[in-house]
Amino acid sequence: MSTTSTLLQVERVSVRYTLRGAGLLAPARALEALSDVSIAIPEGGRLGVVGESGSGKSTLARVLLGLVRAQAGRVAWEGRTVDYDDATAMRSLRRELQVVFQDPFGSLDPRMTAGQVVGEALQALAGPVATVAAQDRIRAALSEVGLAPAFANRYPHEMSGGQCQRVAIARAIVARPRLLVCDEVVSALDVSVQAQIVNLLHELSERYQMSLLFISHNLAVVRHLCDDVAVLCQGRVVEQGSRDAIFGDPQVQYTRELLAAVPEPDPTLQRARIALAVNVSRVKR
Ligand SMILES: Nc1ncnc2c1ncn2[C@@H]1O[C@H](COP(=O)(O)OP(=O)(O)OP(=O)(O)O)[C@@H](O)[C@H]1O
Ligand SMILES: [Mg+2]
């Protein structure tokens, strides 16, 4: 049995958004985006969060980052409740918890080269780093995501979507976070590029024992990447368990419907999985 400890815990979190009424005098309405949500990620574990559009996946990511406040429940990091009002605690949490979003172009500043993007994150997260050491770390981070050193001088408009997403991942991992939150990071990419990015995330997670919270409506991808899966439906976790349990024996009709919408097996991801097994065994040698 594994004895890994819990890195991140979300306990009975609820989030309500206030929506303005349709007319001038119409009363404001509340929308419960998350209701009583509990999930846990062990050190080095990979949790997939799936659910249809509007089910609350991104809201969950925003709560973890402190971008949205929960009205109820708590988030705990290594067993300690996260105080989102404590600036010092938040700075240290940011070093350990990083995020990558869906839009590979939109998430990068068009006026900054890839090297500057990664360098800025390094300075912000790791504090002042001597120039030479910083250059080394920027090059290392780019190489880790499969980009040659020359990419350091490229601007977003000089790169493909997949390459931009690699830069966004390099920025997120340069200060060695312990948890990477990925919100639909492959949705905007071609299927073959999706497989490469999934491959890369798996490899980084294995190599550095980096935990992943992988948010996606693409169940085929989640199946290939994650150990555990939580299924969100209208803000509630309706089912969660090991990958094999969720995919092999779903208990809830909503999960079955989500699964039925997936073309399975996905040959591209199947191939990626095989390549992945080879790569991981190479890394371990
Ligand atoms: N800032 C906001 N104000 C009001 N309602 C919001 C806000 N952000 C999200 N919502 C609503 O909350 C619900 C959950 O949204 P969320 O973005 O978390 O869903 P999601 O699962 O990430 O969807 P998608 O797969 O489309 O990205 C939706 O009904 C959405 O319309
Ligand atoms: Mg979303």
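## Terms and model

Axes are lines fitted to C-alpha atoms, for helices over the stretch in contact, and angles run from 0 to 180 degrees between N-to-C directions. Helices are DSSP runs (H or I, at least four residues), numbered from the N terminus.

This is a predicted model, in which local features need pLDDT of at least 70, side-chain atom pairs count only at pLDDT 80 or more, and totals for chains, interfaces and linings use all residues. Residues are numbered from 1 along each chain as its sequence is written, chains are lettered from A and ligands numbered from 1 in the order in which they are written, and side-chain values use heavy atoms, with hydrogens and water left out.

## Helix α3 against α4

Helix α3 and helix α4 (residues 131–144) cross at roughly 115°. Their axes come within 9 Å.

In contact (heavy atoms within 4.5 Å), α3 uses Gly115, Val118, Gly119, Leu122, Gln123 and Ala126. They meet Ala134, Arg137, Ile138, Ala141 and Leu142 in α4. This contact has seven nonpolar, three polar and one charged residues. Here Ala, Val, Leu, Ile, Met, Phe, Trp, Tyr, Cys and Pro count as nonpolar, Asp, Glu, Lys and Arg as charged, and the others, Gly among them, as polar.

## Helix α5 and its partners

Helix α3 (residues 114–126) also packs with helix α5 (residues 161–173), at about 25° with axes 8 Å apart. The two are therefore roughly parallel (angles under 35 degrees). Ala114, Val117, Val118 and Ala121 in α3 meet Val167, Ala170 and Arg171 in α5. Six of these residues are nonpolar, none polar and one charged.

Helix α5 packs with helix α6 (residues 191–208) too, at about 15° with axes 10 Å apart. That makes α5 roughly parallel to α6. The α5 side includes Ile169 and Ile173, and the α6 side includes Leu200 and Leu204.

## Around ligand 1

How many residues surround ligand 1? There are 13 (a heavy atom within 4 Å). The closest are Ser53, Gly54, Lys57, Ser58 and Thr59.

Polar contacts are pairs of N or O atoms within 3.5 Å. A side-chain N or O atom of Lys57 is 2.7 Å from an oxygen atom of ligand 1. For a polar side-chain atom of Ser58, the distance to a ligand oxygen is 2.9 Å. For Thr59, it is 2.6 Å.

Technical notes
Parallel < 35°, antiparallel > 145°, perpendicular 65-115°, else oblique. Polar contact = N/O pair within 3.5 Å; in protein donor to acceptor, adjacent residues only side chain to side chain.
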